Amino acid sequence: MIPITIITGFLGSGKTTLILSLIPQLPQPYKLALLKNEYGDVKVDSLLASSQAISGVQELLNGCICCNLVGQLSDALETLANDIVPDRIVIETSGSAFPATLAMEVNRLSRETGRYVLDGVMSVVDVENWKGYEDTSYTAKMQARYTDLIVLNKWELVSERRLEDVEDAILALEVEPQIPRTKSRKGWVDKDIIFGLDARLARLVEEKENGHAHEHGHDHEHSSEVEVLNVTLKSKDGNGSIDTDKLTKLLEDPTKDEVYRIKGILYASIPPKSSDTTPASSQEAPEGRARYILNWAFGRWTFTLVPLPSNEAATEAEPVLRLTVITARYESTKWKKQIEGSGLVAIQDGAEGALTVEKIA
């Protein structure tokens with residue numbers, strides 16, 4: 001049977017970074033497949049993961065894997081199992097997914113097919129920003145409560161007192177027995193800690209079906225904790241580049257309590273710089289137009305250089321920029337107007353372009 005590890009955590013907690021840190025630790029040959037669930041319609045993490053030696057990627061977009069996309073889970077797992085024949089499948093949930101619901105669904109598929117076994121559920125807690133959404137996000141608390149392992153991430157960025165406060169808040173949420181906790185090292189955790197969990201969560205939830213029914217009743221409410229914008233910028237000739245100076249000004253604007261995540265793919269002729277002013281990649285900056293992934297969370301961002309599409313037609317068909325912007329509740333209308341009216345999402349040298357900003361359910 002193929003072991004399945006579920007990795008969850010609130011928006012911007014560092015789930016994808018942690019998954020990518022596992023790859024160099026795996027023995028060779030080892031086939032790790034990723035099933036990714038995310039808001040919006042930009043396959044950012046699939047592109048990033050496939051460039052980092054993950055054997056296969058499936059992505060479920062524009063919905064939550066624990067409620068309205070749960071019916072697609074079986075097909076996505078079957079595709080990975082048949083096409084990749086992986087040694088392990090990692091499911092990375094959206095920032096609003098309930099781990100208990102997903103764990104029970106994986107166990108159901110395991111019983112029906114005999115092809116999978118739930119290895120465990122891991123929740124990533126963003127220590128730096130936990131206090132910002134602890135009081136507003138029911139989902140974030142459920143992710144910290146119903147799990148087999150808690151990974152404390154970004155703890156190096158806060159004081160010892162702040163770390164203790166977050167740990168105390170998590171302890172107050174827990175059910176018996178106490179959930180194991182570990183600290184990442186700048187997004188790195190030993191694979192032997194993550195792989196080989198005992199799936200305590202699934203047993204606990206299934207033993208307390210009445211309690212699960214209560215939590216599951218919030219499934220539709222939890223999806224309203226955030227709002228999502230899709231942003232697209234197309235050039236008239238299909239071959240433009242983003243104005244990186246203007247884009248940087250836009251990325252400097254959002255506050256942590258208004259915007260949680262910005263992720264996207266863009267083309268630039270001038271290599272963009274991350275928030276710490278480092279180049280977009282350790283690779284030598286390419287000459288001319290290149291393709292980058294933008295990953296923004298809580299006021300910090302990185303650009304990663306990725307390969308161009310394999311054929312010229314695909315390059316020309318792709319917009320200059322595609323972003324998914326995930327805001328706090330009631331903030332998307334403000335940010336839709338901000339993006340549309342600021343002039344900060346523009347094509348280099350004032351070239352003509354068509355900007356579209358849409359709010360999605």
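Q: How many aromatic pairs does a search of the whole structure find?
A: This is a predicted model, in which local features need pLDDT of at least 70, side-chain atom pairs count only at pLDDT 80 or more, and totals for chains, interfaces and linings use all residues. Residues are numbered from 1 along each chain as its sequence is written, and side-chain values use heavy atoms, with hydrogens and water left out. Rings of Phe, Tyr and Trp (its six-membered ring) pair if their centres lie within 6.5 Å; planes under 30 degrees apart count as stacked, over 60 as edge-to-face and the rest as tilted. On that basis, the number of aromatic pairs found in the whole structure is two.

Q: Which class of pair do the rings of Phe10 and Tyr260 form?
A: A pair of aromatic rings is described by the distance of the centres and the angle of the planes. For Phe10 and Tyr260 the centres are 5.4 Å apart and the planes are at 75 degrees, so the pair is edge-to-face.

Q: How many residues apart are Phe10 and Tyr260, the partners of this pair?
A: Helices (H or I, at least four residues) and strands (E, at least two) are DSSP runs, numbered from the N terminus. Phe10 is in the loop between β1 (2–9) and α1 (15–22), and Tyr260 is in strand β9 (residues 259–268). The pair thus links distant parts of the chain, and the separation is 250 residues.

Q: Is Tyr260 buried or exposed?
A: Buried means under 20% relative accessible area, exposed over 50%, and partly exposed in between (1.4 Å probe, protein chains only). Tyr260 has a relative accessible area of 7%, so Tyr260 is buried.

Q: Which residues do ring pairs link into a cluster?
A: Tyr260 and Phe298 also form an aromatic pair, tilted, at 6.1 Å centre to centre with 50 degrees between the planes. Phe298 is in the loop between β10 (290–297) and β11 (300–306), 38 residues from Tyr260. The cluster linked by ring pairs consists of Phe10, Tyr260 and Phe298.

Q: With which residues is Ala297 in contact, leaving aside its neighbours within four places in sequence?
A: Ala297 is in strand β10 and is buried, with a relative accessible area of 13%. Its C-alpha atom is separated by 8.3 Å from that of Ser13, 284 residues apart along the chain. Contact means heavy atoms within 4.5 Å. With those neighbours left aside, the contacts of Ala297 are Gly12, Tyr260 and Arg261.

Q: The charged end of which residue sits over the ring of Tyr267?
A: A charge sits over a ring if NZ of Lys or CZ of Arg is within 6 Å of the ring centre and within 35 degrees of the ring normal. Lys183 has its charged end over the ring of Trp155, 4.4 Å from the centre. Over the ring of Tyr267, 4.0 Å from its centre, sits the charged end of Arg289.

Q: Which exposed residues does the face of α7 turned away from its buried side carry?
A: In α7, Leu163, Val166, Ala169, Ile170 and Leu173 are buried. They cover an arc of only 125 degrees around the axis (taken from the directions from the helix axis to the C-beta atoms), which puts them on the same side of α7. The face turned away carries the exposed residues Glu160, Arg161 and Ala172.

Q: What is the bridge partner of Lys36 in β4?
A: Two strands pair if DSSP finds at least two bridges between them. Five bridges join β2 to strand β4 (residues 88–92), and the two run parallel. In β4, the partner of Lys36 is Glu92.
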